[in-house]
Structure formats: structure tokens, C-alpha cells
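Here's a quick tour for anyone meeting this structure for the first time. Have a look at the sequence and the model, then read on.

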Amino acid sequence: MDANDPVVKLDHVRKQYGSFVAVHEADFSIGRGEFFAMLGPSGCGKTTTLKMIAGFEQPTDGRVMLEGADVSQVPPHKRNVNTVFQQYALFPHMSVFDNVAFGPRAKKISETETKKRVSEMLDVVRLGEFANRRPAQLSGGQQQRVALARALVNYPSALLLDEPLAALDLKLREAMQIELKRIQREVGITFVFVTHDQGEALTMSDRIAVMSEGRVEQVGAPQDIYMRPQTLFVAGFIGSANLLPGTVASVDGGVVRINLAGGAQVAVSSSQCADSVDVSTGARVTVMVRPEHAILGSNVEGLAVRVTDTVFQGSSMRIVGRLSDNTEVVALAPIDPTHATPQPGQDCTITWQATSPYVLGGWPETAGSTTTNVDSIEAAL
């Protein structure tokens with residue numbers, strides 16, 4: 001992967017349909033050999049952005065660059081990109097081999113070279129022994145790999161994938177996430193992947209562009225997106241989080257003291273603040289604590305919480321509770337036979353390590369856990 005050698009560059013791209021703006025000022029690059037995800041809820045503009053890269057849509061303003069050339073007005077068949085959609089559109093009357101060979105043959109590549117390319121690509125997707133089968137004789141995951149091989153056999157500058165795992169069941173989808181990443185590393189071609197599934201994006205991507213309402217909220221590595229979100233939307237959309245609103249009480253020696261809306265005061269290192277956050281006295285901020293970083297206790301100082309529900313999740317127990325101001329919070333506690341799990345109705349406290357909380361600017365629309373409010377989740381999706 002070489003982010004300094006961009007294969008795709010969106011230069012202040014805007015897409016508007018009448019008075020509706022589908023994409024606002026998308027401005028980022030995708031490096032050679034990079035697995036890049038565009039992530040966001042339905043209607044956020046990610047598929048429209050992918051279509052502009054593919055050539056199925058033209059930008060209203062800005063430029064789409066491919067390998068350094070402006071292709072904003074170039075038709076799809078003249079761009080060196082291929083697209084894999086949710087529906088694989090394999091030719092049912094052709095064998096696996098002939099499906100994959102369709103592209104090279106259409107480009108008038110010699111049959112010798114075509115056979116060589118197809119055999120190599122079927123080996124990459126681990127379907128060499130299925131070359132003579134028809135698509136109907138394959139599983140869903142195998143059909144997807146045939147579609148991938150067919151798209152990759154012409155060695156495009158970038159492969160564009162529009163939620164290709166959506167039609168697979170959970171176990172197969174999880175297996176295909178690892179398989180897709182393996183294939184991408186093996187062929188070394190830039191993958192641009194559209195999804196609304198955070199787990200897919202975090203599992204497979206080198207970098208992620210998180211989108212909301214047509215705007216790119218943040219571009220970064222999965223770890224940065226998860227641990228250091230730059231907006232409240234990103235904090236709530238990626239994974240789950242407890243968002244605790246408050247106001248800055250003071251800043252002293254790199255320590256920001258924040259009065260939470262529920263009355264408690266917490267101290268956070270200034271290094272644990274988002275880049276653009278205002279930490280002047282009186283500024284509205286939100287303290288984010290991931291559930292896996294929340295520590296439950298009974299004899300320590302912390303935020304008082306009354307447990308309302310517990311959910312067994314295999315390796316951990318999901319504990320839901322309410323703070324004194326009725327804000328709902330969630331903690332994940334490891335399964336430990338030597339320690340009793342807090343039960344509904346029990347009072348305890350929530351604390352965290354000094355490096356766990358993270359401060360963002362502004363207040364969330366809904367305080368507390370981002371995984372238990374049905375209305376806010378439905379609005380996002």
C-alpha cells in the first residue's frame with residue numbers, strides 16, 4: 001500500500017440532483033494497493049460516490065482522478081476500473097472458466113494469455129477445481145469469488161465493491177471478509193469497498209472514510225476511527241459508546257476537568273481530546289467511554305449507576321444501567337466465575353483507566369449509550 005501514490009483522487013467532488021445534494025465536497029485520495037472502505041448509513045452518499053468513481057454518475061462539481069488523469073466525463077467502459085455489485089450477474093449458461101475469461105476475450109487478448117490469466121486468477125480465489133462447473137452448482141461464497149476473479153482478471157487500476165457481502169449469511173459473510181482481504185493482498189490491486197457494516201470496514205480496511213448525510217466526516221485508519229473519532233457522529237456510529245455531555249470546568253497542566261450533566265466531575269488528559277475540540281472554560285463537550293473500557297465496581301469512587309439489565313454474550317456480560325440523572329450506560333464485563341455479576345436493581349459504580357475517556361466537541365442528540373436507543377439507531381440506519 002502506498003498512500004503517497006494515489007490511484008483514485010476525489011478533488012472537491014459534489015453531486016447534486018435538483019435541489020438535493022447527495023455528496024458534499026468529497027476530497028480524499030485512495031492509494032495504490034490500498035483496501036479502502038466507504039462506510040456510513042443508508043442514504044449517506046457512499047454508493048453515489050462509488051458510482052462517480054466507476055463512471056455511472058458524473059460529478060456536478062469537482063474532479064474524479066484515476067491514475068493522475070481527469071476521468072470525470074469518461075464513460076465507464078473506458079475507465080480502468082471494474083465493479084462488483086451485490087448481485088454477481090454471472091452468466092448462468094457459461095462455466096466458471098468462461099465467466100472469468102469473458103473480459104480478456106472481449107478485449108481480444110490471445111487465447112493462450114487468456115487461459116494463463118484465468119487459471120492464475122482461479123487459483124488466487126481457490127476455485128481452480130471448479131473451472132468446469134456452472135454458477136448454479138456453486139455456493140453463494142463461491143459465486144462471489146467467481147465474480148471477483150472475473151473483475152480482477154483484466155488487472156484494473158481499482159476494484160470497486162458495492163456491499164458485495166450483503167446477500168451472504170452471517171458465518172459466510174465473516175469468512176468472506178478474511179478471504180477478500182487475502183485476495184486483495186495477493187493481487188495487490190486497490191480495492192474500494194462500500195458498506196454500512198462497521199465490522200466489515202474495521203476488519204478489512206487499511207483506511208476508512210466515514211460518511212453521513214453526503215459529507216465525509218473522517219478519513220483514517222480503523223484504529224484511529226475507533227479510538228480517536230473526530231465527530232460525535234463517528235463516535236456513535238463506529239462500534240458502541242457511552243456519550244456523556246458536560247461543560248469544561250477548568251484546564252490545568254494538561255488536565256481538562258469536565259462537569260458532567262449528571263453532576264459528577266471527571267478529569268481527562270488534553271491528549272485525549274479530539275483535534276478540533278474547544279476546551280475553554282464553559283465549552284460544551286462530550287466524554288466518550290467505550291463499553292469495554294468501563295469498569296464496574298462497588299467499593300471505588302466513580303459514577304453511581306443502578307443496573308437495569310444484564311445480557312450474556314459468551315465471552316463477556318453486557319451490563320446496562322442508569323446514572324443518577326437517568327442516562328443509560330453500557331459496560332462489558334469479562335466472564336469471571338470468581339466474581340459475581342451485578343444483577344438488575346443493584347447499585348455500583350463505573351470507572352475507567354486514565355487513558356480510556358475521549359473528549360469531543362458539542363453535545364450528542366441523545367446522551368448515554370449509542371446501542372440501546374432504538375429511535376436513534378433507526379434514524380442512523
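Strand S11 (residues 242-252) and S14 run antiparallel, joined by six bridges. Strands here, like helices, are DSSP runs numbered from the N terminus (helices are H or I with at least four residues, strands are E with at least two), and two strands pair if DSSP finds at least two bridges between them. Keep in mind that this is a predicted model: local features need pLDDT of at least 70, side-chain atom pairs count only at pLDDT 80 or more, and totals for chains, interfaces and linings use all residues. Residues are numbered from 1 along each chain as its sequence is written, and side-chain values use heavy atoms, leaving out hydrogens and water.

**Strand S14 and its partners**

- Leu-244 has Val-287 in S14 as its bridge partner.
- S14 also pairs with strand S20 (residues 358-361), again in the antiparallel sense, over four bridges.
- Val-287 turns up here too, standing opposite Val-359 in S20.
- Five of the six residues of S14 (residues 284-289) are buried, so the strand is largely enclosed by the rest of the structure. Buried means under 20% relative accessible area, exposed means over 50%, and partly exposed is in between (1.4 Å probe, protein chains only).
- Arg-284 lies over the face of Trp-363, at 3.8 Å from the ring centre. A charge sits over a ring if NZ of Lys or CZ of Arg is within 6 Å of the ring centre and within 35 degrees of the ring normal.

**A five-strand open sheet**

- Five strands make up an open sheet with antiparallel pairing, in the order S15-S19-S16-S17-S18.
- Strand S15 (295-297) and strand S18 (328-334) stand at the edges with a single partner strand each, so one side of each has no neighbour in the sheet.
- Neighbouring strands of this sheet are turned by 45 degrees against each other on average, direction ignored. The axes behind such angles are lines fitted to C-alpha atoms, for helices over the stretch in contact, and angles run from 0 to 180 degrees between N-to-C directions.
- Three bridges hold the antiparallel pairing of S15 and strand S19 (residues 347-351), with Leu-296 opposite Ile-350 in S19.

**Aromatic rings**

- The count comes to five aromatic pairs. Rings of Phe, Tyr and Trp (its six-membered ring) pair if their centres lie within 6.5 Å; planes under 30 degrees apart count as stacked, over 60 as edge-to-face and the rest as tilted.
- Phe-91 and Phe-102 form a tilted pair, 4.9 Å centre to centre with 50 degrees between the planes.
- This pair links distant parts of the chain, eleven residues apart: Phe-91 is in the loop between strand S6 (81-84) and helix H2 (96-106), while Phe-102 is in helix H2.
- Phe-91 is partly exposed at 26% relative accessibility, and Phe-102 is partly exposed at 40%.
- Phe-233 and Phe-237 are stacked, at 5.3 Å centre to centre and 10 degrees between the planes.
- Both Phe-233 and Phe-237 lie in helix H8 (residues 232-237), four residues apart, which is about one turn of the helix.
- Phe-233 is partly exposed at 23%, whereas Phe-237 is buried at 6%.
- Phe-35, Phe-191 and Phe-193 are linked into a cluster by ring pairs.
- The charged end of Arg-150 sits over the ring of Phe-91, 5.4 Å from its centre.

**Helix H1**

- Helix H1 (residues 46-54) is mostly covered, with seven of its nine residues buried.
- Among the buried residues of H1 are Lys-46, Leu-50 and Ile-53.
- Gly-55 follows H1 and has a positive phi, near 105 degrees.
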